[in-house]
Amino acid sequence: MALGEGCPQAYAPLEKLMRRRLGRECLYVPSCRLGLYVALRHWCRPGGRILMSPVNDDVIFFVVLAAGLRPVQAPLRADDGTIDAEAVPKSLWRSLSAVLTTNLYGNPDPAPELRARCDASGIPLLEDAAHAIGTVLAGRPVGGFGDASVFSLSKHTGAGTGGFLAVADPASREELARARDALLAPARLSAELAYGLRPYAEAGLRGLRLTGAARAALRLLGLEERTEIRMALRPDELARTLPRSPSLDAFDSWARVDMHSYRLVPGRLRLRRTERLLARLDERLAAHLTGTQRLLDTPWAAPRPGPAQPLFRVPLLVEDRTAATAALARHRIPVGYLYDPPLDRYAGDRFTDPSPAPAAASWFARHALPVDPLRAERAAAVLDRAGVRPARPPQTAPTRAPARVPPHVLRRPGPSPAAPRLPRRGDAGA
């Protein structure tokens, strides 16, 4: 433990910041994907079936498989890629063991409806809030509806490491902490040095316009391993591995893609940098909100009700994403995470149950152009000059009630006030 702290006291400052923001008990984890695995193993029995979004990171798909669960792909809305709860057949609800939301790019899945359906079925609701640390729905922060939720500090904060597992029942913390600690790998000097040097190396390469060299350097460090949008499935190897689940070790070669440090005990450098960036999250959220509002005013944005949210990426809808991506690349504006094809097409029914209504997910995955709201002005100008044509969803679903923008986004940056305790599962009105 010389390099890393590896003890609850070291994580306490980070957990305090997040607890104050979310109003729930929070457990620090080295990565969102590790936190999700811990949650799945705690709340779901192996062999169960879990409803999830097909437009999702393939790493999450493999974490679900590693936990011994069968992914069931949900129908989505074509305009924003969120789960369409009304399109899930009643017969399917009866077969599920859990529901996992995605909150893609920060657009909230319908957590109140999903919470009600999970309660009626007696199954847990788990929230993946990696993209949604600043999103609010029905007056509550995303991550405050489920039995558990996971957050990433690699997204809005830009820490490049760390996350949280937040829980409705504080009594579960001790058991979850033991499960986390049993999965951790010892800190490594090489990983800590790479983490410390990465921001400077990336900035230097970008300044020299050595984008290709930057990508190559990231691959050498094990931080980027994809040649396509989706990682290689390796179906025969995956089929041989499935009987070994639940086991994170067995699925490590899939679960670690693009983040080999996802299980490492964090060193002092990681924890200190992460704490500093998390303390400035309000400032970043305010900037994301401004950029989101700008992008939502463009012709490529799907109309949506209510005030803007501080999205992690704004999924603009374009007819030709390849051409739009190329236009942005010429001005060194990268496109955000893509999730195409949907997971049921990527993995096939050998490894997942397909969506009962796959058309909307396929359309969204093909036309979504996720743009960083911090680059909103430049990106909008480039797309306009390039003559990029907007795409319109094949059909428009009924709109939801407007979601309230969190007060901390609208005020000046500063310390977050203590959040009120949110109802736990079993409380009245939860």
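The model is predicted, so local features are reported at pLDDT of at least 70 and side-chain atom pairs at pLDDT 80 or more, while totals for chains, interfaces and linings use all residues. Residues are numbered from 1 along each chain as its sequence is written, and side-chain values use heavy atoms, with hydrogens and water left out.

The protein holds 17 helices and eleven strands (DSSP runs numbered from the N terminus, with H or I over at least four residues for helices and E over at least two for strands). Among contacts (heavy atoms within 4.5 Å) between residues at least 6 apart in sequence, 74% join residues at least 24 apart.

Helix α1 (residues 8-22) and helix α11 (residues 268-279) have axes that come within 10 Å and cross at roughly 15 degrees (lines fitted to C-alpha atoms over the stretch in contact, with angles from 0 to 180 degrees between N-to-C directions). The two helices are therefore roughly parallel (under 35 degrees; over 145 is roughly antiparallel, 65 to 115 roughly perpendicular and the rest oblique). On the α1 side the contact is made by Ala 10, Tyr 11, Pro 13, Leu 14 and Leu 17, and on the α11 side by Leu 271, Thr 274, Glu 275, Leu 278 and Ala 279.

Elsewhere, Ala 177 sits in helix α6 (residues 173-183) and counts as buried because its relative accessibility is 14%. Its C-alpha atom is separated by 7.1 Å from that of Leu 27, 150 residues apart along the chain.

Most residues other than glycine have a negative phi, and most peptide bonds are trans. The peptide bond from Ser 245 to Pro 246, however, is cis, with omega near 0 degrees; Pro 246 is placed in the loop between α9 (235-241) and α10 (252-255). Asp 340 and Pro 341 are likewise joined by a cis peptide bond, with omega about 5 degrees, and Pro 341 lies in the loop between α13 (321-329) and α14 (343-347). Ala 138, although not a glycine, has a positive phi of about 55 degrees. This alanine is in the loop between β6 (136-137) and β7 (140-141).

Note on methods
Buried means under 20% relative accessible area, exposed over 50%, partly exposed in between (1.4 Å probe, protein chains only).
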